[in-house]
Amino acid sequence: MHDDSALIEARLNRFVRERLLPAIYRATAPLTVTAWTVPGEPVSFAEAIAHPFAPFVVGEAWGRPWGTVWFHLTGLVPPTWAGLADTRIEVVIDLGFTAAVPGFQAEGTAYSPDGRLLKGVESLNRTVSVRGDTIDLYIEAAANPNIAADFSFTPTLLGDLDTAGTTPLYLLRQADVAQRDTQVWHLVQDVFALDGLRRELPVASPRRANILRALERCLDLLDPDDVSGTAVVGRAALANVMASPANASAHRVHAVGHAHIDSAWLWPVRETVRKVARTWSNVLDLIDRYPDFVFAASSAQQYAWLRDQYPDLFERVRGAVAAGNFVPVGGMWVESDTNMPSGEALARQFVVGKGFFLREFGVEPLEVWLPDSFGYSAALPQIVRAAGSRWFLTQKLSWNDTNVFPHHSFLWEGLDGSRVFTHFPPVADYNAQLSGLELARAENLYSEKGAANTSLVPFGWGDGGGGPTEEMIAAAHRTASLEGSPTVELSSPRRFFEAAEAEYEAPPVWSGELYLEFHRGTLTSQARTKRGNRRSEHLLREAELWATTASLRAGAEYPRAALDNAWQTVLLQQFHDILPGSSIAWVHQEAEREYARVARVLEGVIEASVRALCGAGSGAIVLNAGPYARAGVPALGGSSVRAEVTPVTATIANTPDGWVLANRHVVVTIDTDGLFTLVYDRQNHREVVPAGARANLLTLHRDTPTEWDAWDLDTPHSRLFEALTAAESIDRIDELPSGRVGVRVTRRFGGSSLTEEITLASDSRAIDLNFSIDWHERQKLLRLNFPLDVHADRAASEIQFGHIFRPTHANTSWDAARFETVAHRWVHVGEPDFGVAVANDSTYGHAITRTVFRATDAAPRIETPARVGTTVALSLLRAPVFPDPATDQGRHDVGVSLRVGASIPDAVYEGYRLNLPLRTVTGVGAITVEPLFAVDNPAVVIEAVKLAEDGSGDVIVRLYEAHGIRALARIIRSFEAAEAYETDLLERRVAPAAVTATDDAGLTLELRPFQLVTLRYRRT
């Protein structure tokens, strides 16, 4: 037989394009259209229909960027369509859709005349079913601009309402009532399923040839002039190949309906609210028609938006949840970033998220669902377990730019040894369509072959919403058991995880963080958003501590509503496109306003709590919300005066070598460029800065990623930089607190300027650096570099509830790819008997490298061999131009400290010192506040003190082991309690894992390294 397969394929493609797809609708009839343009932000249905609607014609322009137009479509179904077999009547709407995927362009929401939300209208889901002969529909049309622009990463002004302009973006192209031919539609689905499978089969496969010949017979039987009349016989020609069952060893796919809706990204939060309504109404429409369809949706925040703004739709969701078709997953408030939120914030994602799901639906998600976050902290397995969850899902590491992750189902082990069963869908997509290509990819890439054979495929349009379509469900039904294809079962996440866990007797173990080798720049982009997050997290700690103390000591009312709202706001901003800095300008401007509001609220809570505790008077009190005593003020308490210390003096002198700051611990020489030529540890007799190098060096790097501007930091940046050595001025600072000395350095570079204050306190090992930067660069990265004469083969970086060690070398491709890493408040590099800690108050991105120093170098050079030390570099600011062309422009404040002769316990202390400054309150009566708790081991850190979520008045304390050691500690309370016991994060009693003894005064605990413990004190 001659091989004519290419000719058949070409014939098939043209017939589908020119004959089959156009035949889905037998006939259409235009509807009457009127419209009202919303003058500002979106309004409710009731408000919209109260306005006069004006005539509108198909082909007319509508929709300024981010604007809303309400269309009213009316008409009658042509009487000749009544009673026809194999037809479905529906309204077809084209708002001016483009080739871009749904959710990145115009979108609509269809309403009935009585205000019932019917479904969303998207570029690939354009229809609304018609019941009866009369058509009366309202379409709320959103003129959302296509910021992505096919992900060309072209700078655009459309992401800021103030610069987006008013020119209409779209043309209304269609508003018709249409007669769908259901047999033709089913034939299209048959052809797509079979041809999609055929394309993925081996060229020499008999099954591939059989499918092609069946498709050829189908084409022969279809009349191009009467596709509708011959669709049934066309389908019959495909029946045998469609009925051939899957192989017994076929890969098993659990297909779960899904719509990964970014809570903000290339659209503002307010638009996400509407995206949720559009998408979930689509889902409910599908559930009504396909009872085997199951849809999974994460993010309690999105359910809360629906409850508050679309209550009728929320009640329909509630019914679908009860029926098992709509499945809340994740258990978090949002699908958050997991690199940068604090440990307590990640814990609260589950406390607040699961609390919502339990209250509203009586269900508790057991699978953590984070398909799109930019890497996953080694602390997460313990937090997942502590929240009562069992499983974890993501696919993001399929985006790695260097290494292929070796597993798809495995046990993920966290920094404390906790393990969680984890799945990476080998389909490598969270927006699958269940195409032949995707199903083949899931089977081919699946790395557990021979030991397991089951994977999950999340299907449905996501990111910008839309969700599953009828076509996707049709694909699932056709591939349930189809020879040559994986089997496909419409399923739920829980059914998948139970099956996958049961079949895999001894899954492999991955220990440590799940580092994404991509999007490394998200640790730095949008620095004001990141600073707002850090400040909010610590203000929340303070506010809860002092509010709890005031409640117990003074009977003050606990400000639950204010604290809950503040937490929900901060948790929302930790969404994985807000906190990482990868959203449009509108999103980050709003985040900064929200952080400012949260700060005002929490400062008010703190003020009211302290006044309730101390009363009015003429005294002053110093409060310490940190876990360690400082300057005579006890941890978690307050004192009127700071304790007397041995009189010591910090000195400052202007010498031929530069300014010299010194105390009994350290000597710092600052040259005429404002750089550190000497940092000498007097107790250890160690020079910290290598000979010939200078520390406190700012470098300005070229930062032009190949793609994904706000997200990526590409390797060329490390060799393409300018050292900012020239100082405009260096002056002594006279207006410093007693016992502190320092100098002020000013610099100008490009269009930017900065002031740096370098200070040293009288009895401190830490040199404090405070930068005020006026930043006006484009596509640049600003780094602060500390070359250190410390030969460290690894660096410790603080993460949630502990720290992680990473190599400083690049021995393997995995090491080399990890060139920018996250740290929270501190990093530490050391030799066995000496170390240095670098702490910060708002920075997350770090580059810590082995460095070769030469005496003639003004800056470190990364190469080998010679005198090897370590460079700690903090990434302070970036200036990407997409999606926000004005990223980080303007004022920034950054605090950093360099502590010499530091151990890891010193680094922990330094991180808290820099981020939780002592607070002085004047005009009070009482001048002491006794701490509610005291701990006798500095390795055991109290991270949160609050009242219980259930309103019982019980006290919750969360603590963890911070030094990476086994720690025996005693925790003493100073208030009455009937009993104390361990709980999970949701404050439910669990079997003791740390408490070894109890008595009237307190508890004795034994903690393993980095163990997290929550204690509940039941009040009498």
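A nonpolar core is a set of buried Ala, Val, Leu, Ile, Met, Phe, Trp, Tyr and Cys residues joined through side-chain atoms within 4.5 Å. Buried means under 20% relative accessible area, exposed over 50%, and partly exposed in between (1.4 Å probe, protein chains only).

The model is predicted, with local features needing pLDDT of at least 70 and side-chain atom pairs counting only at pLDDT 80 or more, while totals for chains, interfaces and linings use all residues. Residues are numbered from 1 along each chain as its sequence is written, and side-chain values use heavy atoms, leaving out hydrogens and water.

**Exercise 1. Describe the protein chain as a whole.**

Step 1: Start with the secondary structure. The protein chain has 18 helices and 53 strands (DSSP runs numbered from the N terminus: H or I of at least four residues for helices, E of at least two for strands).

Step 2: Turn to overall form. The radius of gyration is 31 Å, close to the 31 Å that the globule rule gives for 1020 residues, so the protein chain is as compact as a globular protein of that length. The radius is taken over C-alpha atoms, and the rule is 2.2 Å times the number of residues to the power 0.38. Along its principal axes, the C-alpha trace spans about 100 × 65 × 60 Å.

Step 3: Look at burial and contacts. Of the 1020 residues, 62% are buried. Contact means heavy atoms within 4.5 Å. Among contacts between residues at least 6 apart in sequence, 74% join residues at least 24 apart.

**Exercise 2. Find the largest nonpolar core and follow one of its residues.**

Step 1: Locate the core. The largest nonpolar core has 211 residues, and Phe326 and Phe933 have the most contacts inside it. Its largest share, 11 residues, comes from helix H16 (residues 585–614).

Step 2: Apart from the largest one lies another core of 54 residues, including Ala650, Ala695, Leu769 and Leu898.

Step 3: Go back to phenylalanine 326. Leaving aside neighbours within four places in sequence, its contacts include Trp280, Leu284, Phe295 and Tyr303.

Step 4: In soluble globular proteins, nonpolar side chains tend to be buried together.

**Exercise 3. Is arginine 289 buried or partly exposed, and is leucine 916 buried or partly exposed?**

Step 1: Take arginine 289, found in helix H6 (residues 269–289). At 32% relative accessibility, arginine 289 counts as partly exposed. Not counting residues up to four places away in sequence, arginine 289 touches Arg88 and Glu470. Glutamate 470 is 181 residues away along the chain, yet the two C-alpha atoms are separated by 9.3 Å.

Step 2: Take leucine 916, in the loop between helix H18 (904–915) and strand S45 (919–924). Leucine 916 is buried, with a relative accessible area of 2%. Among the residues that leucine 916 touches, not counting those up to four places away in sequence, are His538, Arg541 and Ala625.

**Exercise 4. Inspect some backbone details in the loops.**

Step 1: Check a peptide bond. The bond from phenylalanine 882 to proline 883 is cis, with omega near 5°. Proline 883 is in the loop between strand S43 (867–878) and strand S44 (890–900).

Step 2: Check phi at glutamine 526. Although not a glycine, glutamine 526 has a positive phi of about 55°. Glutamine 526 lies in the loop between strand S22 (509–511) and helix H14 (527–554), and counts as buried at 2% relative accessibility.
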